[in-house]
Amino acid sequence: MCRHDEALFEFLWCPVCGTEAFTHIPFEGVFCTECNTSVTCRESPESRGYDEAVIITFDATTTWNLHIDEKLRRPLPDDEAQVKILGAPGDYHVDWWAPTTTEDWTPVERNEFADESEPEAVSHLA
């Protein structure tokens with residue numbers, strides 16, 4: 001996936017739905033397997049001495065079902081959010097989120113909705 005180590009994607013999760021699984025579609029990009037949020041990676045201009053410093057952009061313009069059940073997904077402000085990840089394989093951590101987390105927006109935590117399921121009336125639409 002991209003040019004980054006698979007360990008980075010094993011650490012990463014989707015701030016829209018909390019899923020940890022991503023799909024790489026050649027010539028199209030990387031997407032969350034659960035909600036289709038687009039994921040792009042770029043090297044950070046500043047690494048503070050860490051092995052890796054990556055800025056991940058999540059773009060929700062292609063995300064599906066946000067309008068159906070917001071209890072299992074959290075829209076991104078203006079359809080986009082970024083996270084800066086520092087570290088090395090096996091030792092990554094989040095440096096910051098943009099926009100910053102506030103009362104108005106907090107990214108979904110890893111597997112936050114894992115034990116919940118969509119109502120049957122909408123599950124066929126995913």
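1. Of the 126 residues in the chain of this predicted model, buried residues make up 44%. Contacts between residues 24 or more positions apart account for 56% of those in the chain with a separation of 6 or more.

2. The chain contains two helices and six strands. Along the sequence these elements follow the pattern α-β-β-β-β-β-β-α.

3. The six strands of the sheet lie in the order 1-2-3-4-5-6, with antiparallel pairing, and the sheet is open. Strand 1 (22-25) and strand 6 (93-98) stand at its edges; each has a single partner strand, so one side of each is left without a neighbour in the sheet. On average, neighbouring strands of this sheet are turned by 30 degrees against each other, direction ignored.

4. Lysine 84 has tryptophan 96, in strand 6, as its bridge partner. The hairpin of these two strands has five residues between the strands, and in this hairpin glycine 90 takes a positive phi near 85 degrees.

5. The largest nonpolar core comprises 26 residues. Leu12, Phe22, Val39, Ile56, Phe58 and Ile85 are the residues with the most contacts inside this core. Two or more residues each come from helix 1, strand 2, strand 3 (38-43), strand 4 (52-59) and strand 5. Helix 1 gives the most, with four residues.

6. Isoleucine 85 deserves a separate entry. Residues up to four places away in sequence not being counted, isoleucine 85 touches Leu8, Phe11, Leu12, Glu52, Ala53, Val54, Ile56, Tyr92 and His93.

7. The whole structure holds six aromatic pairs. In one of them, phenylalanine 11 and tyrosine 92 have their ring centres 5.8 Å apart and their planes at 45 degrees, a tilted arrangement. This pair links distant parts of the chain, 81 residues apart: phenylalanine 11 belongs to helix 1 (residues 6-11), and tyrosine 92 to the loop between strand 5 (80-87) and strand 6. Both phenylalanine 11 and tyrosine 92 are buried.

8. A further pair is formed by tryptophan 13 and tryptophan 97, whose ring centres are 6.2 Å apart; the planes stand at 65 degrees, so the pair is edge-to-face. Here too distant parts of the chain are linked, with tryptophan 13 in the loop between helix 1 and strand 1, tryptophan 97 in strand 6, and 84 residues of separation. Tryptophan 13 has 9% relative accessibility and therefore counts as buried. Tryptophan 97 also counts as buried, because its relative accessibility is 12%. The cut-off behind both assignments is a relative accessible area under 20%.

9. Phe11, Trp13, Phe58, Tyr92, Trp97 and Trp105 form one aromatic cluster. Of these, Phe58 is also listed among the residues with the most contacts inside the largest nonpolar core. Phenylalanine 11 has a charged neighbour as well: the charged end of arginine 110 sits over its ring, 5.2 Å from the ring centre.

Methods
Residues are numbered from 1 along each chain as its sequence is written. This is a predicted model: local features need pLDDT of at least 70, side-chain atom pairs count only at pLDDT 80 or more; totals for chains, interfaces and linings use all residues. Side-chain values use heavy atoms; hydrogens and water are left out. Two strands pair if DSSP finds at least two bridges between them. Axes are lines fitted to C-alpha atoms, for helices over the stretch in contact, and angles run from 0 to 180 degrees between N-to-C directions. Rings of Phe, Tyr and Trp (its six-membered ring) pair if their centres lie within 6.5 Å; planes under 30 degrees apart count as stacked, over 60 as edge-to-face and the rest as tilted. Buried means under 20% relative accessible area, exposed over 50%, partly exposed in between (1.4 Å probe, protein chains only). A charge sits over a ring if NZ of Lys or CZ of Arg is within 6 Å of the ring centre and within 35 degrees of the ring normal. A nonpolar core is a set of buried Ala, Val, Leu, Ile, Met, Phe, Trp, Tyr and Cys residues joined through side-chain atoms within 4.5 Å. Contact means heavy atoms within 4.5 Å.
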